[in-house]
Amino acid sequence: MSQRPRASLGRVLDDLGSTLLEVVAGDVDHPEGISALVIYDPLDEPVLAPRSLVLGVGIDQAAGTLAPLLRSLGAHDTVGLVVRAPVALTPEVRAAIQESGVALIGLRRGATWAQLTALIRAMLAEGDIGVTDHESLGGLPSGDLFAVANAVAALLDAPITIEDRSSRVLAFSGRQDEADPSRVETVIGRQVPERYATRLTELGVFRDLYRYQTPVVVKPQDLGYEAITVQRVAIAVRAGDEVLGSIWAAMDGEVDNERTQALLDASKLVALHLLRLRAGADVQRRLRTDLIGTVLEGGAGARDALARLGLSARRLVIVSAGLLAGDDHAHTDLERLADALSVHLSATVPSSAVAAVGGTVYGLLPVVVTSGSPEQRAARLAADFVDRVDGNLHAIVAVAPAGSDLSAIVRGKAQADRVLRVMREGHTGLRVAQLDDVQTLALLLELRDLAAARDERPAGAIARLMDYDERNNAGLVESLEAWLDALGDVAKASTALFIHPNTLRYRLKRVTEVGEIDLTDPEQRFAAMLQLRILAPR
């Protein structure tokens, strides 16, 4: 299967319209598709693939940095730079646009960078579904929801949105500014605001929408919000008995037979495209998982899989991500983690590859740095990711050393797994770690595995103490362990045990008598500590 070309800059501007973006200056009619979306960080040089669209988050236009940046981006064949509007189009900036060939675009006030990133990524992803060049549904490119939205809007002569069951906006047509402020707010936020959704639920709109096959009409006066001045007409999008989402049109007037039939036809067309998107996403997810799994195994097909991922001859950092142990995790949580990490990394490392393989999410990052190390750069990206998703997912990330051949990738995967295991079992308070941070704990866990495989049990002094405690509930083992942890500091150990220091001194005397151990001998102390950590962990 060949892939449909990615969306061009002109297509992005046409679909997003004036609600979010405005062209400041430059040529936006490039026929080639956008290869990647890159967030510009003035403190960290990004990897810029040819035909990238760059988001200039936080650029200080007053500092005179815009013109030099445009010239620098032009050297990398960048298609456009988006900055926060309003943009001061000075003669120097205009000259830089002409010299570089980079279009300058303004992000309107009220829209956030996160919203813009999500919208553009959804459009770019349409080219990755894997349909043939000539495949279409209803005369429109398969899975192209924005094209479908515009076609339905033309059919109904009204701006429309296509939404999922959670009232998230999947795509929208042009002419949204012809509706009312509430529709603009919905489009910019990619979600029906909660106050409107709550009111629609109270009115029984969603109940009727999903129960009946015919359109549902919502009058502005029923909602009771000043920002809603245009009537809404909605119809459910179904595939058999399953409700996939809905179409919402902002239009006044009677919903006659002609409009009703147009909405029914539109809902069937949207259902086909939503099903194709779902199937395409599933196929792409499975393919990416298989390729990444093959690379990490390092077997016969690993080199070819690396080439198909576009990562041949690249120096890669392997990261593994998971969720903290003890949380109730479903398979969908792991997929959410993989999707979130993929979106996060692709913003700054566009050619990275991420997939959930066997209960762990792995990322292959071709990190290029001008200062520091690739591992440090990957760790910073991971820390930022963990902070961003902390409210929804308690993620942890392990970072392995960079390597450029398959053997190094396999070793990196094994090392990342060791680190992640320590973090999963809660032995550290770290959310992002490398082997240097947890090596001793990793060795202890591996020794514990070996001892368990051999059915090793405590022997000697520790065995005698454990047997005595079991018969007399004397607390000798925990007293010895607290004393060893405190490096022989009786006051500190007794505080940890919530007992009087004299009580601890008495117990330690009993330890030497019952266990037949000399606590002044460093070898015997080490042997006791090792058994307590490996054979009789807390």
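## Exercises on a predicted model

In helix α13, the side chains of Asp 384 and Arg 388 meet in a salt bridge (3.0 Å, N to O). Before you start: this is a predicted model, where local features need pLDDT of at least 70, side-chain atom pairs count only at pLDDT 80 or more, and totals for chains, interfaces and linings use all residues. Residues are numbered from 1 along each chain as its sequence is written, and side-chain values use heavy atoms, with hydrogens and water left out.

**Exercise 1.** Work out where Asp 384 and Arg 388 sit, and whether each one is buried, partly exposed or exposed.

*Step 1.* Recall the rule: a salt bridge is a side-chain nitrogen of Lys or Arg within 4 Å of a carboxyl oxygen of Asp or Glu. The pair has its N and O at 3.0 Å.

*Step 2.* Find the two in helix α13 (residues 374-389), four residues apart, about one turn of the helix. Helices here are DSSP runs (H or I, at least four residues), strands are E runs of at least two, and both are numbered from the N terminus.

*Step 3.* Check the accessibility, where buried means under 20% relative accessible area, exposed over 50%, and partly exposed in between (1.4 Å probe, protein chains only). Asp 384 has 31%, so call it partly exposed; Arg 388 has 61%, so that one is exposed.

**Exercise 2.** Describe the salt bridge between Glu 185 and Arg 195, and say which helices it links.

*Step 1.* Look at the side chains: they meet at 2.8 Å, N to O.

*Step 2.* Now place them: Glu 185 is in helix α6 (residues 181-189) and Arg 195 in helix α7 (residues 194-202), 10 residues apart, so the pair links distant parts of the chain.

*Step 3.* Both ends are partly exposed: Glu 185 has a relative accessibility of 32%, and Arg 195 has a relative accessible area of 38%.
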